[in-house]
Amino acid sequence: MTFDLPTLVELIALGLFAGWLGALVGIGGGVVVVPSLVLLFGVDIRVAVASSLVAVIATSAAAVSVYANSGLTNFRLGMSLEIATALGAIGGSLIAVWIPTAALSVIFGVLLMVTTALLLRAKDRRQTTEPLADPASDGGGWEVSGRLAGGFHDARTGSVVTYQAVRAPLGAAISMGAGVASGMLGVGGGFIKVPAMNLGMRVPIKVAAATSNFMIGVTAVSSVFVYLARGLVEPLLVAPLVVGIVAGALFGTRTSKMVSATMLRRVLAVLLVFVSIEMLARGLGVGLGI
Amino acid sequence: MASERIQARAGTAMTWVIRSGLVTATVLIASGLIAALATGDTSLEGVTIRAAFTDAPFDERLIVMGILALVATPVMEVLGLIVVWVLQKDWRFVVVGLAVVAVLSLAFSVG
């Protein structure tokens, strides 16, 4: 594969699609970028993971810039969990550069199957894993100094919601697992962290999603160093993806009311089933050519 | 009340820092892409940070600088939060923030 104008256009289109999808159904980034680069562009899976991690940093920064003023992000909670998550990400990236690429493909295939199951379980967009709140109307949030607690004004119900995070060690342990997945597979890991905060630590879903967006960028930074140092970041592969993803995320935010997220989620789930089978087959040395 | 004012200002400052980082990164990366097309660079090869500033073509240097600007953005977020918590005298979370910086430094040295 060489870099030319058609490849540039295709990579930007892939980034646009991943960014747009991420903004609409909460699952984009690595779940779309890594298998697409491997299966459609013939890129080595480690290079694909490294490219995806750089793109994940861009999407996280874009999301945080939108949510920072709303007060929905609980930075104290995010930073507390980030210690374990970033350590997990370093471990995950070191595992990824050490194990055979075939094993990495199999693990990615399994991850895609889990993601598909989570996609099909989600009843509506508000129960998926990425930006869930409307920063234009939700907000007025605050954090309690010295504690993992806070509150915000919920525009949907018109009420003020307060919370106090519980079971921090459990949240940290699960977040470390999310960090390993992120560093090893180039995904954001929000689909693990948001339920961990919401169900495990009793943090409202809107706060959990906004906080996860903040954490994703820091986590990706801690693993991207490992890939950068080993020459696995290909500048001309990463650049069009980043440009496409940032533009796609902005476009997705503006078109979210024009597209049925439920329908999109079902189509994506079907697609992911095929992709996960192909990734598993490739890892096991029996490429199906789907 | 002073703590809330600091929090509100911190939110605005953080939004500004992140947007500046994103814009800088996007401009550098897009410029690198244009330079690659203009110079006919067709190599899709990985580069290390060190190689990017010694051997790599100009277009790839621009892109790597953009990637580094992108990587610096979350790091600036973390440092900014530590400053906010110092101003709020929330020492417990200053320690938490410094621990995150330590882990990021570990990642850099492991890399």
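The pLDDT is the predictor's confidence in each residue, from 0 to 100. Helices (H or I, at least four residues) and strands (E, at least two) are DSSP runs, numbered from the N terminus. The structure is a predicted model, in which local features need a pLDDT of at least 70 and side-chain atom pairs count only at pLDDT 80 or more, while totals for chains, interfaces and linings use all residues. Residues are numbered from 1 along each chain as its sequence is written, and chains are lettered from A in the order in which they are written.

Confidence comes first. Chain A has an average pLDDT of 83, and 88% of the residues score at least 70. Among the elements of chain A, α4(A) has the highest mean pLDDT (96) and strand β1 (residues 139–143) the lowest (75). Where pLDDT is low, predicted coordinates should not be read in detail.

Now to the meeting of the two chains. In chain A, 52 residues are in contact (C-beta atoms, placed from the backbone, within 7 Å) with 53 residues of chain B. Elements giving two or more residues to this side of chain A include α8 (205–229) and α9 (235–255).

One helix pair can be followed in detail. The axes of α8(A) and helix α3 (residues 58–87) of chain B come within 9 Å and cross at roughly 125°; axes are lines fitted to C-alpha atoms, for helices over the stretch in contact, and angles run from 0 to 180 degrees between N-to-C directions. The contact is made by A:G217, A:V218, A:V221 and A:V224 of α8(A), together with B:V71, B:P74, B:V75 and B:V78 of α3(B).

Technical notes:
Two residues are in contact if their C-beta atoms, placed from the backbone, lie within 7 Å.
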